[in-house]
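Here's a quick briefing to read alongside the model. Have the sequence and the fold open as you go.

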Amino acid sequence: MQLPQIQRRKSRAVRVGNVTLGGGAPVSVQSMTSTVTADAQATLAQVRALTSAGVDLVRLAVPTRADTAALERIVGESPVPIIADVHFQAERALEAIAAGAAKIRLNPGNIQDRDQVRRVIDAAGEAHVAIRVGVNEGSVVERRDTARRQADLAKPLDDLMVEKLAEYLQTFQDAGFEDLVLSAKSHDALTCVSVNRKIAQRWDYPLHLGVTHAGTAQTGSIRSAAAVGTLLVEGIGDTIRISYAGDPLPEVAAGLELLYSLRLRPRVGAELVACPTCGRAMGDVAAMAEAVRCALADLAEPITVAVMGCVVNGPGEAANADLAVCAGDGKVVLYVRGKPLRSVPIDQAVQAVVEEARKLVGR
Ligand code: SF4
C-alpha cells in the first residue's frame, strides 16, 4: 500500500563536519548540552549520551574563554560534529573556530559592531566552518527607546524577523560567505510557522527549526510538534531541535519520533502502537505497552508491535502491525501480520510478545 510522502523544499547543501544540512540530506536532529562547557569531561559525557540517543549534531554554549579553551578537547573526542553557540562576543566565535568547531551559531543582533561580525565571517570562511544566523523574537525589536523601536513594534513580528534576518545576511553576502544555515525562533508556535514559511520562500539556505523557550517536556513537546511538525509537513526544515527545560536527552527521542512519524527518516527499532483503551479493554494496555517498549528498547530493526485492549476491534485495528497482542478474558492472543498465532495467559503476555518480536527480527 502506498502512503503519502513529504515533498521537501530544495535547499542548498551545507556541510557541518560529516553531516550535510540541506541539499536533500535527511533532516538531522540537534540538541544542546546543559553542562558548563569548560568542564570538558562532564560535557563529553553528555555529548556521548546524546549520541547514543541518536543525535546528529550537538551545540555547546561558549560564553567564556574557559569554555572555548575546553572546546579543542571536546571537538577532538566527540563522536558527532560540535556547534559553538556564541551570543555577545565575537572573540568567542574566533576562538571556537580556531578550536575546530564545525559550525558557529551567531545572532548578529547581539553583536553591534559589524567589523567584528566580518572578522568572524572571514575566519569561518578560511576554516570552512558553517555559520547559523539566527534571529529570535526577543532580539529583533530595537531595545533603545527610539523612533526605530516604535517602528519595529508597529510591524507584524514575523515580518520584522525576516527584515532583521535580511539585514544581517547582507554582511555575509557582502563577504561572499555562503555556508549559511538560517533560523528564526519564537516562543509562539504560529509565529514560528509563519516566519519560517517566509524565509523558505525568500532564501534557499538550509533551515534550522525550533521553538524558543518551549517550556518543560509536557508543553514543549506539543508546542514544538505543532510548529516544527507543521513546517516539516510542508517540506520546510533541514535540521531540528526540540528544546525542553532540563535534561536534553528526551529532546533527542522526541525529535527522532517526530521525524519517524512523518516518514522523514526510516525508523530505527520497534514502533509501539497501543490502543487508547475503552470500556471493552480486558487488560492493562498502558502497563503492557510500556513493559514491551522497555524490553525491546535494544532492537535496531524496524518492527511494529501493537498492544490492544480487546479481541473485538484489536485484531482489525492492528492488522498492519508485524506483531500484535490483543487482550481477552484472562488471556491474550498473539497475531503475526494479522494472522492469529497463539494465546497465552495474560500474565505471560509481555514475555510472549518480546519472544515473538525477537524471533521476527532474527534475534
Ligand atoms: S482495541 Fe478494543 S479496548 Fe482498545 S480501544 Fe479499541 S475497542 Fe477499546
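Helix H3 (residues 90–98) lies across strand S5 (82–86) and strand S6 (103–106), running at about 170° to S6. Helices here are DSSP runs of H or I with at least four residues, strands are E runs of at least two, and both are numbered from the N terminus. Angles run from 0 to 180 degrees between N-to-C directions, with axes fitted to C-alpha atoms, for helices over the stretch in contact; contact means heavy atoms within 4.5 Å. Keep in mind that this is a predicted model, where local features need pLDDT of at least 70 and side-chain atom pairs count only at pLDDT 80 or more, while totals for chains, interfaces and linings use all residues. Residues are numbered from 1 along each chain as its sequence is written, and side-chain values use heavy atoms, leaving out hydrogens and water.

- The open sheet has 8 strands in the order S8-S7-S6-S5-S4-S3-S10-S9, with parallel pairing (pairing takes at least two DSSP bridges).
- Strand S8 (180–185) and strand S9 (208–210) are the edges, each pairing on one side only.
- From one strand to the next, the twist averages 25°.
- S3 (residues 28–32) and S10 (residues 239–241) pair in the parallel sense over 2 bridges, with Val29 opposite Ile240 in S10.

**Ligand shell**
- Around the ligand sit Cys275, Pro276, Thr277, Cys278, Arg280, Ala281, Gly309, Cys310, Asn313 and Gly314 (a heavy atom within 4 Å counts as near).

**Domains**
- The chain is assigned domain 1 (14–261) and domain 2 (270–360), with bounds from an automatic or database domain assignment.
- Their C-alpha centres lie 41 Å apart.
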